[in-house]
Amino acid sequence: MKIVFITHYFPPLNSSGARRLNAFAKYLNISGDEITVITTKKSTRDGLLTEPIPNYLRLIEINNIGRVTSSPLFDKSEKLNMFGLGSRSKFGYALQKIKRFIMNWLGQILDHRLLFAFQFASPFVDKQVKNSLKEADLVLSSCPPWPMHLAGRFINFFYKKPWIADYRDHFSGNHILKGSQFSSFIEHHIDRWLLKTADVVIVISAHMKDYYERFHSKVYCVENGYDSDFFKDISSVLDECNIDEKHCVIRYMGTVSSSSIPTIFLKALAKINEKPGRKVIAEFYGESTLLREILKDIAPESESYVIFYPQQPYQVAIKKMITADALFFKETSDFSSLSAKGVLTTKIFEYLASKKPIIAEISCNTLVAKYIQKAGLNLAIATEYEQLMEGLEKLKAGKLNMNINHDFIQSLSRKVKTQQLRSIMKNT
């Protein structure tokens with residue numbers, strides 16, 4: 001099959017959102033499919049541009065007037081700040097504040113990627129884009145951002161191609177990007193309108209499936225998973241690592257948002273370090289400005305045991321996971337909506353693939369908790385101080401006694417997930 005992906009998140013952008021389609025493209029190519037990715041031109045405002053362009057697909061980047069262009073690659077000589085980015089200009093920070101203000105009222109509706117989407121309804125879009133779409137057997141668009149699905153609908157209408165709408169996160173009903181009552185109402189109706197002509201809808205969790213079955217009759221769950229190729233050399237990497245007898249390192253990878261401040265974990269971290277033996281250090285990799293700013297207020301006694309690092313290139317991040325003594329996970333334990341219930345981030349699958357003990361400051365009733373437990377990697381899953389302390393004490397003493405479910409973890413690989421996706425595509 002000739003398959004076209006429409007997405008914003010794709011290399012060179014270093015983002016968890018880019019990894020799903022990148023892995024699908026790789027394994028579909030191995031199965032004999034021809035993949036073209038049509039994406040937006042990126043800038044440093046989008047994120048860290050460190051990831052190599054894969055050679056198993058054709059990448060077409062277009063700007064807001066439909067011309068083929070290329071994103072600037074990351075200059076390795078440029079110094080990263082704590083955001084994992086080159087420093088923003090004052091104008092860049094001003095735009096970021098304006099965007100956040102607008103989103104409080106309009107949610108996700110007003111998105112600058114709308115300009116990208118409307119190119120697919122234009123007769124003046126670049127010939128490379130036109131030819132790729134004319135030759136395609138199937139088109140898959142990936143959201144967020146939602147204008148990618150608008151592009152998918154335009155392609156379905158103007159080019160008469162079967163269209164699969166892939167949701168990595170909710171557009172409407174999003175528990176994080178809520179906006180106002182007005183924006184929620186509009187988003188709901190946009191979502192319903194978008195999916196009217198989609199042949200198939202794909203989501204990443206059972207709860208998301210329940211939600212989007214309100215809009216469409218053919219909804220399938222294809223979880224995010226992890227790319228097993230990046231974890232093949234786990235044992236050799238571990239053999240290279242020296243055991244630190246003075247420190248026990250717990251690592252957190254990703255953004256620390258207002259909904260994921262690990263207050264209880266940090267208090268337990270301070271307490272465990274009052275006891276004799278190895279010091280337990282927590283390392284945070286990624287955007288953690290908010291936590292750094294409030295750490296003195298919420299857990300000042302833990303400051304000596306917390307280290308912040310910028311976002312890392314993907315392969316470096318994987319090695320950091322593999323070589324940690326344990327991994328820390330923090331997400332919402334909100335059960336008020338299907339969006340909140342259905343959180344299954346890419347990060348958790350990569351944590352499971354690393355096969356490291358996991359300490360999670362979340363409710364044991366969450367969907368994520370069930371995956372951690374089934375994988376046999378649950379060192380501590382709780383929102384209570386005492387239970388997190390118990391996990392830290394076991395880690396410090398080296399009394400882990402993990403019963404890892406290797407078969408379950410393997411079933412979550414993107415190689416397996418791609419076969420599920422390909423089956424759906426062949427029946428579309």
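I take a residue as buried when its relative accessible area is under 20%. I note also that I am working from a predicted model.

**Entry 1: Ser288.** I looked up the position of Ser288 and found it in the loop that joins β10 (279-285) to α10 (289-298). Its relative accessibility is 1%, so I record Ser288 as buried.

Entry 2: I traced an open sheet of six strands, ordered β11-β10-β9-β12-β13-β14, with parallel pairing. I identified β11 (306-309) and β14 (378-381) as the edge strands, since each of them pairs on one side only. On average, I find neighbouring strands turned by 25° against each other, with direction ignored. I followed the pairing of β13 (residues 358-360) with β14, which is parallel and runs over three bridges.

**Entry 3: α11 and α13.** I examined helix α11 (residues 314-322) against helix α13 (residues 346-354): their axes come within 9 Å and cross at roughly 55°. I therefore class α11 as oblique to α13. I record their crossing as right-handed. From α11, I list Tyr314, Ile318, Met321 and Ile322 in the contact; from α13, Glu350, Tyr351 and Ser354. Sorted by class, I count five nonpolar residues, one polar and one charged in the contact of α11 with α13.

Technical notes: Residues are numbered from 1 along each chain as its sequence is written. This is a predicted model: local features need pLDDT of at least 70, side-chain atom pairs count only at pLDDT 80 or more; totals for chains, interfaces and linings use all residues. Side-chain values use heavy atoms; hydrogens and water are left out. Helices (H or I, at least four residues) and strands (E, at least two) are DSSP runs, numbered from the N terminus. Buried means under 20% relative accessible area, exposed over 50%, partly exposed in between (1.4 Å probe, protein chains only). Axes are lines fitted to C-alpha atoms, for helices over the stretch in contact, and angles run from 0 to 180 degrees between N-to-C directions. Angles under 35 degrees count as roughly parallel, over 145 as roughly antiparallel, 65 to 115 as roughly perpendicular and the rest as oblique. A crossing is left-handed if the near helix is turned anticlockwise from the far one by less than a right angle, and right-handed if clockwise. Contact means heavy atoms within 4.5 Å. Ala, Val, Leu, Ile, Met, Phe, Trp, Tyr, Cys and Pro count as nonpolar, Asp, Glu, Lys and Arg as charged, and the others, Gly among them, as polar. Two strands pair if DSSP finds at least two bridges between them.
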